[in-house]
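Welcome, and please open your viewer. Keep the selection tool at hand, and we will go from stop to stop together.

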Amino acid sequence: MQFFSIYQPHYTIFKLSDSLTLLASGKVRFYGRVQETLVQSESAGYESSNFDCCLQYTEKILHPKFIVGFTQQLANEACDINAVILYTRRRLAVCADPKKNWVKQAVHILSQRVKKM
């Protein structure tokens, strides 16, 4: 296992990584496989991360065993609402309400996975 910090890595270096954990203000903002971020950005024609904003939340509860990563979307940035974007094993991105208990539990479980690494 390797730990390193890179400020704006070149795309060719970034895609060599297996997993990605982004921290901001001491909190996990994204945890997941690098391939998930690459698939999303490459399909949009970019060589860097490019995420759409969530406009509404899912009504369905996802079981944590189906979630492989997450990103936190903050309303004070480019998007209108706070959201947790959950990435599933089926390569879906699901927008969830960060105030819901099941979302908090899923984020906690994924954060614990990071600590065990």
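**Before you start**

This is a predicted model, in which local features need pLDDT of at least 70 and side-chain atom pairs count only at pLDDT 80 or more, while totals for chains, interfaces and linings use all residues. Residues are numbered from 1 along each chain as its sequence is written, and side-chain values use heavy atoms, with hydrogens and water left out.

**Stop 1: helix H3**

Select residues 101-116, which make up helix H3. Helices here are DSSP runs of H or I with at least four residues, strands are runs of E with at least two, and both are numbered from the N terminus. H3 has 16 residues and spans 23 Å from its first C-alpha to its last, close to the expected 22 Å; that expectation is 1.5 Å times one less than the number of residues.

Now show the side chains of Trp102, Val103, Ala106, Val107, Leu110, Ser111 and Val114, the buried residues of H3. Buried means under 20% relative accessible area, exposed means over 50%, and partly exposed lies in between (1.4 Å probe, protein chains only).

**Stop 2: the cores**

Which residues have the most contacts inside the largest nonpolar core? Select Tyr31, Phe70, Val84, Leu86 and Val103 to see them; the core has 13 residues. A nonpolar core is a set of buried Ala, Val, Leu, Ile, Met, Phe, Trp, Tyr and Cys residues joined through side-chain atoms within 4.5 Å. Strands S2 (27-33), S3 (67-73) and S4 (83-88), along with H3, each supply at least two residues of this core. H3 gives the most, with six residues.

A second, separate core of nine residues is also there to select, including Leu20, Phe30, Val34 and Ile85. In soluble globular proteins, nonpolar side chains tend to be buried together.

Go back to Val84 and display its surroundings. Leaving aside neighbours within four places in sequence, Val84 is in contact (heavy atoms within 4.5 Å) with Phe70, Thr71, Gln72, Val94, Cys95, Ala96, Pro98, Val103 and Val107.

**Stop 3: Ile67 and Thr88**

Select Ile67 in strand S3. At 1% relative accessibility, Ile67 counts as buried. Not counting residues up to four places away in sequence, Ile67 touches Leu62, Leu86, Tyr87, Thr88, Ala106, Leu110 and Arg113.

Next, pick Thr88 in strand S4, buried at 8% relative accessibility. With neighbours within four places left aside, the contacts of Thr88 are Leu62, Phe66, Ile67, Val68 and Val94.

**Stop 4: the disulfides**

How many disulfides are there to find? The count comes to two, taking a disulfide as a pair of cysteine sulfur atoms within 2.5 Å.

Start with Cys53 and Cys79, joined at an S to S distance of 1.9 Å. The torsion about their S-S bond is about -70 degrees, so this disulfide is left-handed. Cys53 sits in the loop between helix H2 (34-43) and S3, and Cys79 in the loop between S3 and S4, so the pair ties together parts 26 residues apart in sequence. Cys53 is partly exposed at 32%, whereas Cys79 is buried at 12%.

Finish with Cys54 and Cys95, whose sulfur atoms are 2.0 Å apart. Their link is left-handed, with -80 degrees about the S-S bond. Cys54 lies in the loop between H2 and S3 and Cys95 in strand S5 (residues 93-96), so this pair ties together parts 41 residues apart in sequence. Cys54 is buried, at 2% relative accessibility. With bonded cysteines counted along the chain, the disulfides follow the pattern 1-3, 2-4.
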